[in-house]
Amino acid sequence: MANEKNQQTFSNLKDSLSGIETFYVVDYQGLTAGQLSKLRKDIREKGGQLIVAKNTLINLALQDGGKDFTDALKGPSALVLAQEDPAGVAKALSDAAKGNDKGIPAIKGGFVEGNKVDVKVVERLASLGSKTTLQAELVGVLSAHLSNFVGILEAYKEKLEGEGQSA
């Protein structure tokens, strides 16, 4: 019979993964306790969660959900769940890796919005910026176009009023 602690960890992993559409598998070995704590905090601020567990338990929990990451689960691994902002969580991981000379945490693979992706896709996602930043950029672009449209309508209205008075 499996030990009770492993059963509890497995149960917690399954619960954490339910309803999650995006997560990353990372290598965290080499981070100090302080760096790991800061990384957890940064990920939490982006609406994510870092879970450290045995590869066997992570693999079983993922396979239970129909996801196979056997190839990525070599060496020390952690799961980084992204509930709210996948790009923001990926950026937090990328920034943490750039912040030390070892490039840790190193991304091994990911699952983004229901699709298994490789490291390059996660890196591109990290370069996008946070969801809030992207939304702000979209609002800026839309408001500029709406402003131009309103200007055109006002000019056309003035032209029609001018033609109506001269007739």
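At what angle do the axes of helix α1 and helix α3 cross, and within what distance do they come? The axes of α1, residues 4-17, and α3, residues 55-64, come within 9 Å and cross at roughly 45 degrees. Axes here are lines fitted to C-alpha atoms, for helices over the stretch in contact, and angles run from 0 to 180 degrees between N-to-C directions.

Before going on, a word on the source. This is a predicted model, in which local features need pLDDT of at least 70, side-chain atom pairs count only at pLDDT 80 or more, and totals for chains, interfaces and linings use all residues. Residues are numbered from 1 along each chain as its sequence is written, and side-chain values use heavy atoms, with hydrogens and water left out.

Now the chain as a whole. The chain has six helices and five strands; these are DSSP runs numbered from the N terminus, helices being H or I with at least four residues and strands E with at least two. Along the sequence the pattern reads α-β-α-β-α-β-α-β-β-α-α. The C-alpha trace spans about 95 × 35 × 25 Å along its principal axes. Of the 167 residues, 34% count as buried, meaning under 20% relative accessible area, with exposed over 50% and partly exposed in between, for a 1.4 Å probe and protein chains only.

Back to the first pair. α1 and α3 are oblique to each other: angles under 35 degrees count as roughly parallel, over 145 as roughly antiparallel, 65 to 115 as roughly perpendicular and the rest as oblique. On the α1 side the contact, meaning heavy atoms within 4.5 Å, is made by Asn-6, Thr-9, Phe-10, Leu-13, Lys-14 and Leu-17. On the α3 side, the residues are Leu-57, Ile-58, Leu-60, Ala-61, Leu-62 and Asp-64. By class, that contact has eight nonpolar, two polar and two charged residues. Nonpolar covers Ala, Val, Leu, Ile, Met, Phe, Trp, Tyr, Cys and Pro; charged covers Asp, Glu, Lys and Arg; the others, Gly among them, are polar.

Which residues of α3 are buried? They are Asn-55, Leu-57, Ile-58, Asn-59, Ala-61 and Leu-62. Their cover includes α1, β1 (23-27) and β3 (78-82). Just after α3, Gly-66 takes a positive phi of about 85 degrees.

The second pair is α2, residues 33-45, with α4, residues 86-98. Their axes are 8 Å apart, at an angle of about 155 degrees, so α2 and α4 are roughly antiparallel. Leu-39, Asp-42 and Ile-43 of α2 meet Val-89, Ala-92, Leu-93 and Ala-96 of α4. This contact has six nonpolar, no polar and one charged residues.

Finally, α4 also packs against α5, residues 119-128: their axes come within 7 Å and cross at roughly 100 degrees. That makes α4 roughly perpendicular to α5. The contact is made by Pro-86, Ala-87, Ala-90, Lys-91 and Ser-94 of α4 and by Val-122, Leu-125 and Ala-126 of α5. By class, the contact of α4 with α5 has six nonpolar, one polar and one charged residues.
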